[in-house]
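Here are my notes on this one, as promised. Have the coordinates open while you read, and go through the points in order.

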Amino acid sequence: MNDEDDNHDPIDIAMEMLEDVKKVRDCDVVVYFIQGGDLVKIGVTDDYNARFNALKSMSPIPLFHRGRIRCDRFFERIVHWRFEHLRTHGEWFHYNQEIVDFLEKYIWVKEKHPFVQIVEAMEEDQCQTSN
């Protein structure tokens, strides 16, 4: 391992590993980021629309789609580990600039990691709970 490797974010390493995983098996789930107030749920599902609608129906506050990435189930554990210090309960984390920076780097800016199959973002009005 050289000095350059020591400076990599663990997520960078995981994203590189994800490329290799995709060569040998399908990545048929998505890790999603759904914001509610000052929290964000980081979860995994094989049916994002059904999961989002289920969360909306149970939530007392509006929920918003913040991003999703097609990947392996293991990637969810890596993301949870990366943000462990922000965990409030279960799969809910404080939504702050650190998570926004992560989303900008890995989810919102597709060309940064072209091997990652990004699922197109839903229209904001489709993702907002109706009152």
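**Notes on the charged pairs, the helix faces and the cores**

1. Glu84 is partly exposed, at 42% relative accessibility. Its side chain meets that of Arg87 in a salt bridge, with 2.9 Å from N to O. Arg87 is partly exposed too, with a relative accessible area of 29%. Bear in mind that this is a predicted model.

2. The salt-bridge count comes to 3. One of them joins the side chains of Lys41 and Glu91, at 2.3 Å from N to O. Lys41 sits in strand β2 (residues 39–45) and Glu91 in the loop between β4 (87–89) and β5 (92–94), so this pair ties together parts that are 50 residues apart in sequence. Is Lys41 buried or exposed? Lys41 counts as buried, because its relative accessibility of 5% falls under the 20% limit. Glu91, by contrast, is partly exposed at 26%.

3. Then there is the salt bridge between Glu98 and Arg82, where the N to O distance is 2.9 Å. Glu98 belongs to helix α5 (residues 97–108) and Arg82 to helix α4 (residues 73–82), so the contact links parts 16 residues apart in sequence. Both ends are partly exposed: Glu98 has a relative accessible area of 27%, and Arg82 has 23%.

4. Take a look down helix α3 (residues 48–58). Tyr48, Phe52 and Leu55 are buried there. Viewed along the axis of α3, the buried residues fall within an arc of 65 degrees, so they line one face of the helix. Which exposed residues does the face turned away from that buried side carry? They are Ser57 and Met58.

5. On to the rings: the count is 4 aromatic pairs. In the pair of Phe83 and Phe102, the ring centres are 5.4 Å apart and the planes stand at 90 degrees, so the arrangement is edge-to-face. Phe83 is in the loop between α4 and β4, while Phe102 is in helix α5, so the pair ties together parts 19 residues apart in sequence. Both of these residues are buried. Separately, Tyr32, Tyr48 and Phe52 make up one aromatic cluster.

6. Now the strands. β1 (residues 29–36) and β3 run antiparallel and are joined by 7 bridges. Strand β3 (residues 64–71) is mostly covered, with 6 of its 8 residues buried.

7. The largest nonpolar core has 20 residues, and Val31, Phe33, Ile42, Phe83, Ile99 and Phe102 touch the most other members. At least two residues of this core come from each of β1, β2, β3, α4 and α5. Which element gives the largest share of this core? That is α5, with 6 residues. Another core, of 7 residues, lies apart from it, and its members include Val30, Tyr32, Ile34 and Phe52.

8. Leaving aside neighbours within four places in sequence, Phe83 is in contact with Ile42, Phe93, Glu98, Ile99 and Phe102. Among these, Glu98 is the residue whose side chain meets Arg82 in a salt bridge, and Phe102 is the edge-to-face partner of Phe83.

Definitions and conventions:
Residues are numbered from 1 along each chain as its sequence is written. This is a predicted model: local features need pLDDT of at least 70, side-chain atom pairs count only at pLDDT 80 or more; totals for chains, interfaces and linings use all residues. Side-chain values use heavy atoms; hydrogens and water are left out. A salt bridge is a side-chain nitrogen of Lys or Arg within 4 Å of a carboxyl oxygen of Asp or Glu. Helices (H or I, at least four residues) and strands (E, at least two) are DSSP runs, numbered from the N terminus. Buried means under 20% relative accessible area, exposed over 50%, partly exposed in between (1.4 Å probe, protein chains only). The arc is that of the directions from the helix axis to the C-beta atoms. Rings of Phe, Tyr and Trp (its six-membered ring) pair if their centres lie within 6.5 Å; planes under 30 degrees apart count as stacked, over 60 as edge-to-face and the rest as tilted. Two strands pair if DSSP finds at least two bridges between them. A nonpolar core is a set of buried Ala, Val, Leu, Ile, Met, Phe, Trp, Tyr and Cys residues joined through side-chain atoms within 4.5 Å. Contact means heavy atoms within 4.5 Å.
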